[in-house]
Amino acid sequence: MQDYWFSCRNMKTFGSFLQIGRNMHQGNHTIVAEFILLGFFNQDEHQNLLFVLFLGMYLVTVIGNGLIILAISLDTYLHTPMYLFLANLSFADISSISNSVPKMLVNIQTKSQSISYESCITQMYFSIVFVVIDNLLLGTMAYDRFVAICHPLNYTTLMRPRFGILLTVISWFLSNIIALTHTLLLIQLLFCDHNTLPHFFCDLAPLLKLSCSDTMINELVLFIVGLSVIIFPFALIFFSYVCIIGAVLRVSSTQGKWKAFSTCGSHLTVVLLFYGTIVGVYFFPSSTHPEDTDKTGAVLFTVVTPMMNPFIYSLRNKDMKGALRKLINRKISSL
Ligand SMILES: *[C@@H]1O[C@H](CO)[C@@H](O)[C@H](O)[C@H]1NC(C)=O
C-alpha cells in the first residue's frame, strides 16, 4: 500500500516521468543484472548498531508470532475463525519480516550491498503478498467482530468454520494474484545504467522509480489495485466499528461494556497502528527526503507492525494469555 501512496504522489508528475522514460530508451544501455541495496545509512559507524537493532526486532517477531501460532494450534478451544485468522496474520508477519530483514543483516555483515535481479524480483513478489494479506486479514477480522457483536445470535450460522477457511483461502489467493500481476508487469520493464535502490529490500515503488521504461501501465494497475486493497478492508473496518460502538453503548452494565470493548480492543489497536503509520508516513512526510520516507514507511510495515502484533494480542486478550500459559506449563511438565 505504500506503493499506492507512491503512485498518488507521482500522479502529478506523470507527464514528465514518461518523457524521461522515453528519452532514456533511445541510447545504448547496459542491462542491469543485479541491484545495489543501499540500506539505511551509508556511513560505516552505524552499521553495527543497525545490525543489533534489526536482529533483535527479527528475533522478537519470530518468537512472539511463533508462540501465538503454537498456542492457537495446540489449544482446541481457540479453533474458531477469529483465532485462525490471527494465526494466519502471525504467519504472514513472520514471513513478511523473513522476506526482508535476514538478507539485510547478511548484507551488513558481508559489507556487500548487491542482490541479483532474480532474487530482487522474488523478494518484491513476496513483499506484495504479505502487505496485501495483512490488509485482507485485518478486514476479515473486522467482519468477524462485526458479526460477533452486532449479530451475536447469528454468529454461529454466519461465521461457520468452513466460511472462515474460505475467507482465509480467498485472502491468500487474492494476494498472490495481485503480487503476480505486479511482478509480471514489472519484468516487462528495462533497467539500464542505474541499479542503485535507496532502500533496504526490493520494494515495488523504488523499483518502478529506477526503471528506464515507460511505467504508465504499472502505475495505473498499482493505483487501481492498491486503492481497492486499501478501501475495501478499511470500509469494512470502519462500518464494523460504527456498529460495534453503537452496540456497546446500548449495553447497560459496565462489565458488559468492558467485555465488548476488550473483545475488539486488540483488533482496533492493530488497525490503528497499521493505518496510523500509513497516514503518519504518507500524509505527513518529512518532505526533504522522500526516499527516506519510503524507507521509514517500509520499516513500519515490514518490521514494526509484525513485531507489535503478538504483544497487542497476548497482553490484551484473556484467552490468548490462557493458551500461552497452558503452552508454557505443558513445556515445563514435559521437561
Ligand atoms: C490459517 O487459516 C486456516 C483456515 O482458517 C487454518 O486452517 C490454518 O491453520 C491457518 N494457518 C495458520 C498458520 O494457523
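Biologist: Which helix does leucine 59 lie in?

Modeller: Leucine 59 sits in helix H3, which covers residues 47–74. Bear in mind that this is a predicted model.

Biologist: Is leucine 59 buried, partly exposed or exposed?

Modeller: Leucine 59 is partly exposed. Its relative accessible area is 44%. Buried means under 20%, and exposed means over 50%. The value for leucine 59 falls in between, so the label is "partly exposed".

Biologist: What surface feature includes Leu59?

Modeller: A nonpolar patch. Leu55, Leu59, Ile63 and Leu67 form this patch on the surface. Together they have about 330 Å² of accessible area.

Biologist: Now the helix pairs. What describes two packed helices?

Modeller: Two packed helices are described by the angle between their axes and the distance between the axes. Take H3 and H4 here. Their axes are 9 Å apart, and the packing angle is about 155 degrees. That makes H3 roughly antiparallel to H4. The cut-off for that word is an angle over 145 degrees.

Biologist: What is the handedness of the H3 and H4 crossing?

Modeller: The crossing of H3 and H4 is left-handed.

Biologist: At what angle do H4 and H7 cross?

Modeller: H4 and helix H7, residues 161–186, cross at roughly 25 degrees. Their axes come within 9 Å. An angle under 35 degrees counts as roughly parallel. H4 and H7 are therefore roughly parallel to each other. H4 passes H7 in a right-handed crossing.

Biologist: How far apart are the axes of H5 and H9?

Modeller: The axes of H5 and H9 are 9 Å apart. Helix H5 spans residues 117–150, and helix H9 spans residues 216–250. They pack at an angle of about 25 degrees. That makes H5 roughly parallel to H9. The crossing of H5 and H9 is left-handed.

Biologist: How many residues separate leucine 105 and phenylalanine 200 in sequence?

Modeller: Leucine 105 and phenylalanine 200 are 95 residues apart in sequence. Their C-alpha atoms are 9.9 Å apart in space. Leucine 105 belongs to helix H4. It is buried, at a relative accessible area of 8%.

Biologist: And isoleucine 170? Where is its place?

Modeller: Isoleucine 170 is in helix H7. It is partly exposed, with a relative accessible area of 41%. Isoleucine 170 and isoleucine 133 are 37 residues apart in sequence. In space, the C-alpha to C-alpha distance for this pair is 9.9 Å.

Biologist: Which residue forms a salt bridge with lysine 326?

Modeller: Aspartate 75. The closest N and O atoms of the pair are 3.0 Å apart. Lysine 326 lies in helix H12, residues 318–334, and aspartate 75 lies in the loop between H3 and H4. So the pair ties together parts that are 251 residues apart in sequence. Lysine 326 is partly exposed at 47% relative accessible area. Aspartate 75 is buried at 8%.

Biologist: What about arginine 145? Which side chain does it meet in a salt bridge?

Modeller: Arginine 145 meets aspartate 144, with an N to O distance of 2.6 Å. Arginine 145 is buried, and so is aspartate 144.

Conventions:
Residues are numbered from 1 along each chain as its sequence is written. This is a predicted model: local features need pLDDT of at least 70, side-chain atom pairs count only at pLDDT 80 or more; totals for chains, interfaces and linings use all residues. Side-chain values use heavy atoms; hydrogens and water are left out. Patches are made of residues with over 30% relative accessible area and no salt bridge: like charges are joined within 9 Å, nonpolar side chains (Val, Leu, Ile, Met, Phe, Trp, Tyr) within 5 Å. Accessible areas come from the Shrake-Rupley method with a 1.4 Å probe; for residues, only the protein chains shown count as cover. A salt bridge is a side-chain nitrogen of Lys or Arg within 4 Å of a carboxyl oxygen of Asp or Glu. Helices (H or I, at least four residues) and strands (E, at least two) are DSSP runs, numbered from the N terminus. Buried means under 20% relative accessible area, exposed over 50%, partly exposed in between (1.4 Å probe, protein chains only). Axes are lines fitted to C-alpha atoms, for helices over the stretch in contact, and angles run from 0 to 180 degrees between N-to-C directions. Angles under 35 degrees count as roughly parallel, over 145 as roughly antiparallel, 65 to 115 as roughly perpendicular and the rest as oblique. A crossing is left-handed if the near helix is turned anticlockwise from the far one by less than a right angle, and right-handed if clockwise.
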